[in-house]
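This report describes selected helices, cores and backbone features of one protein model. Please examine the sequence and the structure before reading on.

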Amino acid sequence: MHDDETSQVIDRGQHEDAKTPWDQETWRNAALGWARRELAARGLRETGRLSVRLRPWSVLVRIPVEGLAEGPATVWLKANPPAGAFEAPLTAALARRVPEYVLEPLAVDADRGWSLLPHGGELFRQFLDRTPADPRAWEEPLRQYATMQRALIPFAKDLEQLGVPSARTTSLPEVFDEVVQFIEATTEPAVDPAELHALRPLLRELCAELAELGIPDSLDHSDLHDGQFFHPAPGRYTFFDWGDAAVSHPFCSFLVPAGRVRERYGPEVLPRLRDAYLEPWTGNGHTPTELRRALTLATRLGVLGRAAAWNRHFPGASAATRAAGATESAKTLLQLSSEEPLL
């Protein structure tokens, strides 16, 4: 791989001041050298220009390759900041535990938070954009995602040992406190911290009721929108991008897809998709009423996972980046006070 300006296309999006390790030549050479060696070990060779996507929370490099039986293809090099470095070993662990639902990485460097990933096919978002509007398209991916979560329940502690953040149902008040501290540490908090502290009694009440329902913690993706899983073939869905994940109440995952579905199709379709998500959870001793109540509670509490993820930046993030993250965290936490119209 050639490390020069003519062999790269750099995309910084709206983050021109983002400080990432890509700007350091030694880091860049090490990361690309690792990827090159891993590709060569699999009989692959880089061909063409690299496309580099730089954000405060990740470095993503699109590498065109040759050497596959089906012809030219693409692989992806992803690097996470220290707070999200768990994604590399988590991706490898998921490929072992639930291979039918996730991407199998070509290689990972767990210590440095690097992953080398194959192309996963068409994004679900792309599928939605090219087909007639039909909210029922969400039903099967939600069923499969929930089935995967149930399968991962016995391995929750193992995932935490990989570094996946622990945000278990009974510990969510402590997660809340950590996020509020992050917000208060900014120079000019966008929200009066008193408004956030006032939410803690409600938070404790919601957590206590949810814990009482007794649904075990599992893996929460925390950002399961239509650009976070592939639809490579009819009836098949492949989930990826675990940098915001946590071990928490599994139903917290419903927050993001519910929001996207409501925006695209309207709130009237949510009960049907709720039932599709809950279908794999039946038969575990809980009544449909209990499952629906748990989903309502967990969807409200899912804002904690979203709020916590805004602080996972590369070291040296600018004051503007930190302030923007704190602002988004604060706005997200305030959503605790309004119940989602899911039922």
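The model is predicted. In helix H1, the buried residues are Trp27, Arg28, Ala31, Leu32, Gly33, Trp34, Ala35 and Leu39. They pack against six strands: S1 (8-11), S3 (50-55), S4 (58-66), S5 (73-79), S6 (107-109) and S7 (114-118). Helix H1 itself covers residues 25-41, and its 17 residues reach 24 Å from the first C-alpha to the last, close to the 24 Å expected at 1.5 Å a residue. After H1 comes Gly43, which has a positive phi near 75 degrees.

Thr321, Gly325, Ala326, Ser329, Ala330, Thr332 and Leu333 are the buried residues of H13. Their packing partners are H6, helix H7 (193-197) and helix H12 (303-309).

The nonpolar cores come next. The largest nonpolar core has 72 residues, of which Trp242, Phe251 and Tyr277 touch the most other members. Helix H6 (residues 172-184) supplies the largest share of this core, seven residues. A second, separate core has 22 residues, among them Trp27, Ala31, Leu50 and Leu116. Leaving aside residues up to four places away in sequence, Trp242 touches several residues, including Phe86, Leu90, Tyr145, Met148 and His221.

Two packed helices are described by the angle between their axes and the distance between the axes. For helix H8 (residues 200-212) and helix H11 (residues 288-301), the angle is about 145 degrees and the axes are 10 Å apart. The crossing of H8 past H11 is left-handed. On the H8 side, Leu202, Leu203, Leu206, Cys207, Glu209 and Leu210 take part, and they meet Arg293, Ala294, Leu297, Ala298, Arg300 and Leu301 of H11. The residues of this contact comprise nine nonpolar, no polar and three charged.

Which residues other than glycine have a positive phi? The table lists two.

| Residue | Phi | Location | Relative accessibility |
|---|---|---|---|
| Asp241 | about 65 degrees | loop between S10 (236-239) and S11 (246-248) | 25% |

Asp241, at 25% relative accessibility, counts as partly exposed.

Technical notes:
Residues numbered from 1 in each chain as written. Predicted model: local features only at pLDDT ≥ 70, side-chain atom pairs only at ≥ 80, totals over all residues. Heavy atoms only, no water. Helix = DSSP H or I, 4+ residues; strand = E, 2+ residues; numbered from the N terminus. Expected span 1.5 Å × (residues − 1). Buried < 20%, exposed > 50% of the residue type's maximum accessible area, 1.4 Å probe, protein only. Contact = heavy atoms within 4.5 Å. Core = buried A, V, L, I, M, F, W, Y, C linked by side-chain atoms within 4.5 Å. Axes fitted to C-alpha atoms, helices over the stretch in contact; angles between N-to-C directions. Left-handed = near helix turned anticlockwise from the far one by under 90°. Nonpolar A, V, L, I, M, F, W, Y, C, P; charged D, E, K, R; others polar.
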